[in-house]
Each structure stands twice: as C-alpha cells, then as structure tokens.
Amino acid sequence: SLDLRVRSRWRAGFRLAWRLARGVMGAIGQLHLPLDTARVRTRMVALDGAREGRADARGVVRSYVGTDDVFQVFVYGVARTPSGPRMSVAIPLPGGHLAGLLRLEVSNDGAEVALTSRRASRDDPVGVWFVTRLGSLRLPLEETLCFWSANAPRAPTFAQPGAAMVALHEQRLFGCVVVEHEYSFRPLTG
C-alpha cells in the first residue's frame with residue numbers, strides 16, 4: 001500500500017467545470033479527482049489472470065484518507081502490440097469502461113520514466129477509448145505521467161517526507177491542458 005499526496009492545478013475554465021462534475025463522479029465512485037490537494041491511500045490487489053484475461057493484471061483501489069471515499073478504481077497490465085508492449089488500463093464506468101493504452105518512455109539517463117497516451121506516429125496504437133458492449137469510441141483525451149525518484153535532480157519539489165517517488169500527471173482534452181496533478185508516493189507502514 002502507498003500513501004499518495006496529490007496537488008492538482010486545474011486550468012481556469014476546466015476548474016469550474018470540474019467543480020460541477022466532481023459531485024457526480026463522487027456519487028459514481030470513480031475518477032473523483034481532487035480540486036486542490038488531497039491525501040489518498042492506494043491499495044494494490046492481485047487478480048485472477050485467467051478471469052481477467054491478462055496474467056500480469058493488477059487492481060488498484062484509491063480512496064481519500066479520512067473519509068474513505070473512492071478516488072478511483074482501475075485494472076492495469078501489459079498489452080502486447082505490433083509496436084511493442086504497452087500499459088493497458090481499464091477504468092469501470094456506468095455503461096462501459098474507459099480503456100487506455102500507454103507507451104513507456106525512458107529518458108537517456110534513465111532518471112525519468114513516462115507513460116503516455118500521445119501518439120508518436122499515426123501507427124502508434126496508444127490512446128483512450130470509451131468501451132461498451134456495442135463497440136468503442138476513441139476519445140479526444142491524452143495523458144502523460146512522468147515519474148522520478150523523490151531525490152532526482154529534475155524531480156518536482158512536491159515530495160512529502162519519506163517519499164520514494166514523485167510524478168507529474170498531465171491530462172489534455174482536444175490537445176488543451178485541462179489539469180496537472182503532482183503526486184508524491186510514500187510506502188505505508190503498519
């Protein structure tokens with residue numbers, strides 16, 4: 001389990017829209033992203049690969065410390081594509097689920113690791129879709145998550161005491177930045 005500190009910076013118009021939509025997402029119990037800062041407990045759950053379809057699949061449950069309200073629940077694993085392995089993420093929602101396929105990028109010096117749904121080329125199979133029993137729809141969403149060791153020189157300064165890792169998570173809609181989340185991860189003890 002991990003203690004996750006989040007600081008979110010919403011762009012002006014999107015902040016107002018999220019303020020209105022956040023209550024709906026809280027009622028659904030999914031993608032209940034913070035407006036500003038939050039402390040979140042992250043639990044990893046082993047899944048039955050035979051039932052899930054990917055032998056390496058893991059479940060993640062994130063809930064707010066203090067209220068236990070669900071922040072988000074998702075499943076991730078590795079998808080084999082002609083372009084190489086990609087991180088595959090599924091987020092259940094009413095009527096279907098969000099599916100994300102993200103490419104792994106590592107900086108030349110190995111100090112930064114990124115996962116992104118931004119296409120490197122037209123043939124790159126990464127992206128975000130809403131999937132139902134009837135089919136799937138590619139969404140105009142992109143996200144990039146960059147991870148660093150908490151003490152790395154280029155790491156964001158949002159590390160909590162005892163943090164092992166920090167991250168910056170940028171989310172875009174139609175190419176425009178909607179929000180940037182800064183994360184600080186610390187192993188939970190006891």
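Modeller: Valine 40, with neighbours within four places in sequence left aside, is in contact (heavy atoms within 4.5 Å) with Leu2, Asp3, Leu4, Val6, Arg62, Ser63, Tyr64, Val65 and Phe71. This is a predicted model, in which local features need pLDDT of at least 70 and side-chain atom pairs count only at pLDDT 80 or more, whereas totals for chains, interfaces and linings use all residues. Residues are numbered from 1 along each chain as its sequence is written, and side-chain values use heavy atoms, with hydrogens and water left out.

Biologist: What makes a set of residues a nonpolar core, and which residues have the most contacts inside the largest one?

Modeller: The term requires buried Ala, Val, Leu, Ile, Met, Phe, Trp, Tyr and Cys residues joined through side-chain atoms within 4.5 Å. The largest such core has 28 residues, and Val40 and Tyr183 have the most contacts inside it. Strand 12, residues 176-187, gives the most to this core, with 4 residues; a strand here is a DSSP run of E, at least two residues, numbered from the N terminus. Another core, of 6 residues, lies apart from it and includes Ala114, Cys146, Trp148 and Ala152.

Biologist: Why is threonine 132 called partly exposed?

Modeller: Buried means under 20% relative accessible area and exposed over 50%, with partly exposed in between (1.4 Å probe, protein chains only). Threonine 132 has 29% relative accessibility and therefore counts as partly exposed. This residue is found in strand 8, residues 127-132, and, not counting residues up to four places away in sequence, threonine 132 touches Gly95 and Gly96.

Biologist: Why is the pair of tryptophan 10 and tryptophan 18 called stacked?

Modeller: The structure holds 5 aromatic pairs, a pair being rings of Phe, Tyr and Trp (its six-membered ring) with centres within 6.5 Å, where planes under 30 degrees apart count as stacked, over 60 as edge-to-face and the rest as tilted. For tryptophan 10 and tryptophan 18 the ring centres are 5.3 Å apart and the planes stand at 10 degrees, so the pair is stacked. Both tryptophan 10 and tryptophan 18 are buried.
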